[in-house]
Amino acid sequence: MTTWQYHPAADFGATWLQRLRSFPRSPDMTTWGLQRLSSILLRSYLGVFHQLRVEGSEHLRQDESFALVANHASHLDALCLLAALPWSHVHRAFPAAAADYWFRSATGTVVAAGMLNALAMERTGNPRRSLDACRRVLTGPGNVLILFPEGRRSPDGQLLPFRPGIGFLLAGTSHLVIPAYLAGTERALPRGRLVPIPHPIRLHVGAPRRFNQVSANRAGYEQVAAELQESIRELAP
């Protein structure tokens, strides 16, 4: 006969904002409901206002955890990738978000973590803590890690060089990674603009791949970054 044991949650006694800024986050009904409502509104908005269309959506129907990697030119990018995922992934998708931009204020934290389930990424100092959090996502069951290897938004929509951090995460591992290309977000909400315009957006999703045969060293990290960049470039219409 199994004996039940009860323990307080790791974030017991913390405020809601403190729980949102921590990782991993303990589930709660407020955040669950907010994320579900946000997903419904987000998919409706992108479908009507931006006529979001997804090519290759069958590649996103995976049973195992995977990294979804795309180009980055707009704040709409992560929203489009989230909206393209199956409904079963709503609470299991973690878009990477710059900690110094999204998590420095209460409003930004609620939007990023409370509504979008974002994972805070440190852009300065030692990045290993952020990469360790990414690994925890990928080693968990049925998760999706959304990453933008350029590290910042492109000013003109052209691909910027991919940083080797994506290689550090994937080289020599069996983690699944799916490349994707977003077209139109740089016009729908370009850098410096606060209000979107009704420009159509297209998402092109490529076939999954792994980098378990690539050496886990600096040359291997750069190889993974270069190959992923080329895969995404080839998806561009």
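A residue is classed as partly exposed when its relative accessible area lies between the limits for buried, under 20%, and exposed, over 50%. By this criterion Arg-233, at 40% relative accessibility, is partly exposed. The model examined here is predicted, and five salt bridges were identified in the structure.

Arg-233 takes part in one of these contacts, a salt bridge with the side chain of Glu-230 at an N to O distance of 3.7 Å. Both residues belong to helix H9, where three residues, about one turn of the helix, separate them. Glu-230 is likewise partly exposed, its relative accessible area being 38%.

Helix H9 also contains Glu-222 and Arg-218, which lie four residues apart, again about one turn of the helix. Their side chains form a salt bridge at 3.4 Å, N to O. Arg-218 has a relative accessible area of 56% and is therefore exposed, whereas Glu-222, at 43%, is partly exposed.

A further salt bridge joins the side chains of Glu-64 and Arg-210, with an N to O distance of 2.9 Å. Glu-64 is located in the loop between strand S1 (53-55) and strand S2 (66-70), and Arg-210 in the loop between strand S7 (202-205) and helix H9 (218-235), so the pair ties together parts that are 146 residues apart in sequence. Glu-64 is partly exposed at 35% relative accessibility, and Arg-210 is partly exposed with a relative accessible area of 37%.

Terms used. Residues are numbered from 1 along each chain as its sequence is written. This is a predicted model: local features need pLDDT of at least 70, side-chain atom pairs count only at pLDDT 80 or more; totals for chains, interfaces and linings use all residues. Side-chain values use heavy atoms; hydrogens and water are left out. A salt bridge is a side-chain nitrogen of Lys or Arg within 4 Å of a carboxyl oxygen of Asp or Glu. Helices (H or I, at least four residues) and strands (E, at least two) are DSSP runs, numbered from the N terminus. Buried means under 20% relative accessible area, exposed over 50%, partly exposed in between (1.4 Å probe, protein chains only).
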